[in-house]
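User: I am new to this structure and would like to learn how to read its features one at a time. Please show me the model and then take me through it.

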Amino acid sequence: MRDNGLPNFPDPEIGDGAIRMRAPDGTDRAKLEAAHKKCQEYLPSGGEPPRLDPQAQQRMREYARCMRENGVPRFPDPEADGGIRIEGGPDLDPQSETFKAAERACAGLNRKPPGGSGERPQTDGKR
């Protein structure tokens, strides 16, 4: 990513069977998408996320519903791979106290499947 126009792109975070990549705040979306396209061959499975089993998908839907019920009304439903793409905005800010409180309230529901990525690279620096 750094060799393809994003010199400040951080190393991925790895843990709990998931790989998380977050672009720095203010990253140009077009540059991010272009670099991602050039680099996706280096991701596990060529960047294709694993499909979740129905039980894991249900847990992620429950997590999204919990987040909405706990003060984050625009929290999105999971994608087919269980990843949740947050585009940000004033009422969907992962750094806000409301968002953090909802995450704590819903933490028991947010479990990624072993070996799954759980999240995709983000375009706004937030997860």
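User: Where does Ile19 lie?

Analyst: Ile19 is in strand 2, which covers residues 18–20. Strands (DSSP runs of E, at least two residues) and helices (runs of H or I, at least four) are numbered from the N terminus. The model is predicted, so local features need pLDDT of at least 70 and side-chain atom pairs count only at pLDDT 80 or more, while totals for chains, interfaces and linings use all residues. Residues are numbered from 1 along each chain as its sequence is written, and side-chain values use heavy atoms, with hydrogens and water left out.

User: Is Ile19 buried, exposed or partly exposed, and what is its relative accessibility?

Analyst: Buried means under 20% relative accessible area, exposed means over 50%, and partly exposed is in between, with a 1.4 Å probe and protein chains only. Ile19 has 30% relative accessibility, so Ile19 counts as partly exposed. Pro44 is 25 residues from Ile19 in sequence, and their C-alpha atoms are 9.4 Å apart in space.

User: How many helices and strands does the protein have, and in what order do they run?

Analyst: There are three helices and two strands. Starting at the N terminus, the order is β-β-α-α-α.

User: How do I read the faces of a helix?

Analyst: An α-helix has 3.6 residues a turn, so residues three or four places apart point the same way. In helix 1, residues 29–39, the buried residues are Leu32, Ala35 and Cys39. They fall within an arc of 70 degrees when seen down the axis of helix 1, so they line one face of the helix. The arc is that of the directions from the helix axis to the C-beta atoms. Ala30, Lys37 and Lys38 are exposed on the other side of helix 1.

User: Which residues of helix 3 are buried, and what covers them?

Analyst: Phe99, Ala102, Glu103 and Cys106 are the buried residues of helix 3. Down the axis of helix 3 they fall within an arc of 105 degrees, so here too they line one face of the helix. Their cover includes helix 2. Glu97 and Arg104, on the other side of helix 3, are exposed.

User: What is Asn4 in contact with, beyond its neighbours within four places in sequence?

Analyst: Contact means heavy atoms within 4.5 Å. With those neighbours left aside, Asn4 is in contact with Ala35, Lys38 and Cys39. Asn4 itself is found in the segment before strand 1 (13–15). Its relative accessible area is 27%, so Asn4 is partly exposed. Between the C-alpha atoms of Asn4 and Ala34, 30 residues apart along the chain, the separation is 8.0 Å.

User: What share of the contacts joins residues 24 or more positions apart?

Analyst: Among contacts in the protein with a separation of 6 or more, 62% are between residues 24 or more positions apart.

User: Where is Ile84, and is Ile84 buried or exposed?

Analyst: Ile84 is in the loop between helix 2 (54–69) and helix 3 (97–106). Its relative accessibility is 7%, so Ile84 counts as buried.

User: What percentage of the residues in the protein is buried?

Analyst: Of the 127 residues in the protein, 36% are buried.
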